[in-house]
Amino acid sequence: MGAVPLVRVTRGVLTESIHGGHVAVCDADGTLVAWAGDPDRMIYARSCMKPLQATVSVTAIAEALPDREVAVIAASHNGEPIHVGAVRAVLERAGLDADALRNPPGWPLDAESMAASQHKHKLLHNCSGKHAGMLLACVRAGWDPATYLRASHPLQRRVTRLVLRATGIQDLTMGVDGCGVPVHGMPLRSMATLFARLTAPERLADVAPAADRVTEAMLSEPYLVGGRHRVDTDVMRVTGDVLVKSGAEALECAAVLSSGLGVAVKIDDGGSRASAPALIHALHQIDGLTATHLRDLAFHASPPVMGGGKPVGSLETVFDLRRGSTKRGKRPASATRSRA
């Protein structure tokens with residue numbers, strides 16, 4: 001099965017573009033309960049893996065941290081002053097400064113913060129919180145903080161073992177993420193399973209307390225996870241019980257705590273403008289979002305297309321999830337219906 005139309009871009013009376021993609025919805029047993037396109041589409045987890053990476057770091061740190069610091073360890077933050085301050089606080093706990101970070105220098109993702117920045121900086125990179133958390137974990141556990149990027153490092157080996165446990169798969173395709181850490185490749189449905197298991201942290205055995213702590217902190221401090229105009233921040237803020245993490249190349253993942261379902265959405269062409277509408281539509285179809293939530297999230301659910309400084313079109317979702325019950329390793333019988 002290939003990609004199916006997920007989001008249509010209109011300008012005036014014409015459909016100007018169509019973004020195809022894939023959706024997988026799984027429960028904590030790894031059963032595929034709803035999908036669109038190909039739920040077995042191979043993807044890299046990118047920053048959607050940060051809640052699990054943060055779980056490993058928090059386990060190794062083994063001390064009480066405030067919500068804002070745990071949240072920024074799991075963040076792809078905007079680089080706003082509040083985010084930079086939280087990253088500095090994590091580094092200070094480790095007795096380190098920004099020079100210890102192994103992520104590359106970056107610009108803020110937030111336009112206002114970028115305008116105020118004079119140059120790239122490691123602290124401004126959206127992954128600096130994750131890296132600061134990994135450094136603090138290394139200091140507390142007695143691991144080499146200079147080599148934490150290596151796949152062979154004790155911290156990264158623990159991350160890989162936890163990814164296998166959380167997804168239930170046997171093999172991973174490994175690569176290097178944009179910030180330099182190992183990145184894990186797997187079928188889209190495996191990411192949905194991983195997020196479903198965040199709703200039932202006991203499935204993660206000995207790291208369950210840390211996984212629960214990371215989820216709690218992200219939901220308590222959603223602004224630290226993303227920031228201004230970010231879909232993960234805003235969905236967590238308006239719901240209080242839907243955990244969301246955005247990743248590069250238009251990957252969005254969510255855990256609906258009330259139902260125990262995990263959702264993974266991938267836009268095939270990597271077009272990030274389409275990922276938020278597709279995620280919100282998928283969450284609404286599985287009752288993860290109410291009509292009131294949709295009104296509060298209208299900016300993300302149907303972003304305007306601008307012309308001359310005024311709205312002249314919009315991004316509209318055009319898919320319905322197909323329902324069923326398919327065990328891991330079994331392909332669904334057919335693709336989703338589409339309204340494109």
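Modeller: Happy to. Let's start where α1 and α6 cross: that crossing is right-handed. Keep in mind that this is a predicted model. Two packed helices are described by the angle between their axes and the distance between the axes. For this pair, the axes come within 9 Å and cross at roughly 125 degrees. Angles of 65 to 115 degrees would count as roughly perpendicular and those over 145 as roughly antiparallel, so α1 and α6 are oblique to each other.

Which residues of α1 and α6 meet? On the α1 side you'll find Leu-52, Gln-53, Thr-55, Val-56 and Ser-57. Facing them from α6 are Leu-155, Arg-158, Val-159, Leu-162, Val-163 and Ala-166. Sort that contact by class and you get seven nonpolar residues, three polar and one charged.

Now turn to the other partner, α5. Helix α1 covers residues 50-61 and helix α5 covers residues 128-141. Their axes come within 8 Å, crossing at roughly 25 degrees. Anything under 35 degrees counts as roughly parallel, and that is why α1 and α5 are described as roughly parallel to each other. The handedness of this crossing is left-handed, whereas the one with α6 is right-handed.

From α1, the contact with α5 uses Lys-50, Gln-53, Ser-57, Ala-60 and Ile-61. α5 brings Lys-130, Gly-133, Met-134, Leu-136, Ala-137, Arg-140 and Ala-141. By class, that makes six nonpolar, three polar and three charged residues. Look out for Gln-53 and Ser-57 here: they're on the list for α5, and they also turn up in the contact with α6.

There's a pocket to look at here too. The second largest pocket has a volume of about 160 Å³, and α1 and α6 each supply at least two residues of its lining. The biggest share comes from α6, with four residues. Around the pocket you can pick out Val-56, Thr-59, Ala-60, Trp-143, Arg-158, Arg-161, Leu-162, Arg-165, Asp-206 and Val-207. That lining splits into five nonpolar, one polar and four charged residues.

How values were computed: Residues are numbered from 1 along each chain as its sequence is written. This is a predicted model: local features need pLDDT of at least 70, side-chain atom pairs count only at pLDDT 80 or more; totals for chains, interfaces and linings use all residues. Side-chain values use heavy atoms; hydrogens and water are left out. Axes are lines fitted to C-alpha atoms, for helices over the stretch in contact, and angles run from 0 to 180 degrees between N-to-C directions. A crossing is left-handed if the near helix is turned anticlockwise from the far one by less than a right angle, and right-handed if clockwise. Contact means heavy atoms within 4.5 Å. Ala, Val, Leu, Ile, Met, Phe, Trp, Tyr, Cys and Pro count as nonpolar, Asp, Glu, Lys and Arg as charged, and the others, Gly among them, as polar. On a 1 Å grid over the protein atoms alone, a cavity is a set of points where a 1.4 Å probe fits but cannot get out, and a pocket is an open set with protein on both sides within 12 Å along at least five of seven lines; lining residues have an atom within 4 Å of a point. Grid points are joined across faces, edges and corners, and a volume is the space filled by probe spheres set on the points.
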